[in-house]
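Me: Hi! Could you walk me through this structure, starting with the biggest open space in it?
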Amino acid sequence: MKTYYTGIQYLRGVAAISVIVYHAMVMQAVSQFFPSPVGNFGVDVFFVISGFIMWVTTTTGKKVTPGEFFRARLFRVFPLYWFFTWALLIAIFTVPSAFLNQRNLDIIYTLKSFFLIPARNPDVGDVTPLYTIGWTLVYEMFFYVVFALALFFNDGRHRLICLASVFCALVLIGIVITPKGAIGVTYTSPVLLEFLSGIMIGVNINRLSNLNTRYGFIFLGLSIMCFVWGYLNEAVLSRVIAFGPGAILLVVSSLVFEKRLTRKPNRVALLLGGASYSMYLAHPIAQRAWYVAETRVSGSLSTLQSAVIYSIGAVVVGIVGGVICYFLIEKPGIALGRKVKQKLSSGAER
């Protein structure tokens, strides 16, 4: 079973750009002009992809120990996240005009934010870290913890039963007791089922890869229909119901198309997929910088025209800023992380 999928790489880029588009429309200064923003589904696509990738990369080739898996995830997630969290802290004190809302800095809350521990945001009351875009990473890290523990099961079937049992039980607990605390709300969220769905796709990857391409078009069409239905009913549905089915079908369709996509990969699409994590984390700061620049030139964003100009520019700077971040920060950071892990491994062997 291979671990690199061209279609999945494309979808990473699509997911990141969709989130960038969404945030370009929901920023408070322009949200009145965009009552129905689009792109929120990108997060759900990320969650399904994460479940899929973690399964296929740990069931192929060399056995991965729980410690090795978790260390790899820590080195992958935290350095870039910490970079932008620190950047936000510096911006709060040096460029307060970039923020429409007053920022309340609580030490305990800030520490929890750095380590992706669920906590109530003192500004808005929801469960998000200081660098609010990191709320998805809170779920990712919990998923990684559970997945790492499941790796103690050497047999794939037992591991799958463990993961399915844990995530289904947590979601059921959340439905039954409806927890109010930040940790309870997060760790019993139905969103966890999207990770599990990705795992199930990974379990069935061989069957999906052998399907005729026409099934890929069917899954893609169904995915689009699900996303449209979820978008139209988002206000009355939980996100896992509104966007989960569409995200699952979209990932499935990409895997059915994999043989065709691999024949002649698109370099730009692969680049955007590779830079997706940087785009996801960098775009809020890039968009804030764009907001400050535009308001200083044209004043407040009080007309539809100015709002459209801001939003288009916010999408562009979000993508470009993310790609720059990928080359200047993320890639060198990954290379450095590999060297550190190699030294740690060699030291442990001694």
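Reply: Happy to, and the terms come first. On a 1 Å grid over the protein atoms alone, a pocket is an open set of points with protein on both sides within 12 Å along at least five of seven lines, a cavity is a set where a 1.4 Å probe fits but cannot get out, and lining residues have an atom within 4 Å of a point. Grid points are joined across faces, edges and corners, and a volume is the space filled by probe spheres set on the points. This is a predicted model, where local features need pLDDT of at least 70, side-chain atom pairs count only at pLDDT 80 or more, and totals for chains, interfaces and linings use all residues. Residues are numbered from 1 along each chain as its sequence is written, and side-chain values use heavy atoms, with hydrogens and water left out.

Me: Thanks! How much space lies in the largest pocket?
Reply: About 1600 Å³. Its lining has 48 residues, and those nearest the centre are Arg12, Met54, Ala72, Arg73 and Arg76.

Me: Which element gives the largest share of that lining?
Reply: Helix 16 does, with eleven residues. Helices here are DSSP runs (H or I, at least four residues), numbered from the N terminus.

Me: And how does the lining divide into nonpolar, polar and charged?
Reply: There are 24 nonpolar, twelve polar and twelve charged residues. Ala, Val, Leu, Ile, Met, Phe, Trp, Tyr, Cys and Pro count as nonpolar, Asp, Glu, Lys and Arg as charged, and the others, Gly among them, as polar.

Me: Switching topic: what is the phi of Leu116?
Reply: Near 55°, a positive value in a residue other than glycine. Most residues other than glycine have a negative phi. Leu116 sits in the loop between helix 4 (107-114) and helix 5.

Me: Is Leu116 buried or exposed?
Reply: Leu116 counts as buried because its relative accessibility is 3%. Buried means under 20% relative accessible area, exposed over 50%, and partly exposed in between (1.4 Å probe, protein chains only). Thr178 also has a positive phi, near 45°, but at 41% relative accessibility Thr178 counts as partly exposed.

Me: What does the side chain of Arg239 reach?
Reply: The Arg239 side chain reaches the backbone oxygen of Asn40 at 2.9 Å. The side chain of Arg239 also makes a polar contact with the side chain of Asp44, at 2.7 Å. A polar contact is a pair of N or O atoms within 3.5 Å; within protein, one must be able to donate a hydrogen and the other to accept it, and residues adjacent in sequence count only if both atoms are side-chain atoms. Arg239 itself is found in helix 11 (residues 239-242).

Me: Last one, how many disulfides does the structure hold?
Reply: Zero, with a disulfide taken as a pair of cysteine sulfur atoms within 2.5 Å. For Cys168, the nearest cysteine sulfur is that of Cys162, 12 Å away. Cys168 is partly exposed, at 40% relative accessibility, whereas Cys325 is buried at 5%.

Conventions:
Helix = DSSP H or I, 4+ residues; strand = E, 2+ residues; numbered from the N terminus.
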